[in-house]
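Here is a short tour for anyone meeting this model for the first time. Have a look at the sequence and the fold, then read on.

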Amino acid sequence: MKTMRIKELADKLNISPRAVRFYEEKGILSPSKHPDNNYRIFTEQDARRLQTIISLREVGMSLEEIKSVLEELDRGEQDEVLYALELQRSVMFSQWVELKLNIEAADGMISQLKANRSLAWDDIFQLAQGLKRLRDQRSSWRDQWDFDRQASFHDELVLHTGEQSFNRHPEYKRTLKLIREWIHPIKGEKGLDIATGTGNLAALFMECGIAMAGIDQSKEMLKMCRRKFPEMETKLGNFLAIPYLDSSFDFAVSSYALHHLTEEQKLLALAEMRRVLNPHGRICIADLMFENEAERAAYIDNLSREDKPEWVDFIRQQYYADRSRLLQWFSENGYFTRSQQMSDLLHIIYAVPIALDPGGGESFLSSDIIDHSI
């Protein structure tokens, strides 16, 4: 077996001998030593390990994270290594989204200074506060529902229709089919299913020959999804930092998931969907929500009169959307919308972007989409 001294190894990987010693001191590289002179001896296996360490450092992993990944590799736990890498990619996309917003804010300041030869400091302060608020909203989301634990019985849960408990997935099969019908996918398009779970909604599109990608924050949900649909592209990610570049998809869908975000986070999620869609990209969301705040209050009052305090408590703990607020966001951001109430709480919203025609009026970006879907 070929061996190398420390300088040979450093030259092979284009790093300094000092860097090799650093990783050895940190306990993540353990070369053997020559019995006569105590010089370090590095094998090809050591070189591959060091190459892995360097690569993981390049994608931003800490030394502790790298040590954990290497231990999992040594134990042959490929799934855990995959999760660690996907988690790191998700973190980098979150950072990229924040950086992108900061660059856009800086561009705005530069434009203002060029145009007015001065900066409105109050406006800049408000902008900075807004950026901080957005950053806090993105970083504050936590999985309070333990979706990893639910993955093994998720498909049974979504079909539960018992009357003794609150139905979180009413009209499940019919709703997923209606989402596909409203989107009306066209051959050659690519779609994104956000909070895909075990991939049931994405699968309906793949049945039509549509290329689908799915993201979810739960590693166990994604494992189940990959087992069911190995041909589907999946990534670890969430509504607030979708791990794809701008204009990557023709449409985005999501079912029974938006209510896991606060009201402010929901609007950030809509903006993220728009970012990853091309200019023609349409959005379809199905979830439990209320038509407006008055309807929310009336629904809770009815449950109280029916003596269902446990249901009242459950609903108050959820972030079921105000549908009117979502529709307002779409309107303000140039979308034509269609919505339909499927049950007491279940609503579907379909949004198609509107463009200006050469004559200055409004025209739909794709008459085919509108004709078939609206």
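Which residue just after α5 takes a positive phi? That's Arg-117, with a phi of about 60°.

## Ground rules

This is a predicted model, so local features need pLDDT of at least 70 and side-chain atom pairs count only at pLDDT 80 or more, while totals for chains, interfaces and linings use all residues. Residues are numbered from 1 along each chain as its sequence is written, and side-chain values use heavy atoms, leaving out hydrogens and water.

## Helix α5

Helix α5 covers residues 78–116, 39 residues in total. Helices here are DSSP runs of H or I with at least four residues, strands are runs of E with at least two, and both are numbered from the N terminus. From first C-alpha to last, α5 reaches 57 Å, close to the 57 Å expected at 1.5 Å a residue (that is, 1.5 Å times one less than the number of residues).

Several α5 residues are buried, including Val-81, Ala-84, Phe-93 and Val-97. Buried means under 20% relative accessible area, exposed means over 50%, and partly exposed is in between (1.4 Å probe, protein chains only).

## Around Ile-28

Ile-28 sits in the loop between α2 (17–25) and β2 (32–33). Its relative accessible area is 2%, so Ile-28 is buried.

Leaving aside residues up to four places away in sequence, Ile-28 touches Tyr-23, Arg-49, Ile-53, Leu-63, Ile-66, Lys-67 and Leu-70, where contact means heavy atoms within 4.5 Å. Ile-28 and Leu-63 are 35 residues apart in sequence, yet 8.4 Å apart C-alpha to C-alpha.

## Cysteines

Cys-225 counts as buried because its relative accessibility is 0%, while Cys-208, at 45%, is partly exposed. Taking a disulfide as a pair of cysteine sulfur atoms within 2.5 Å, the count is zero.
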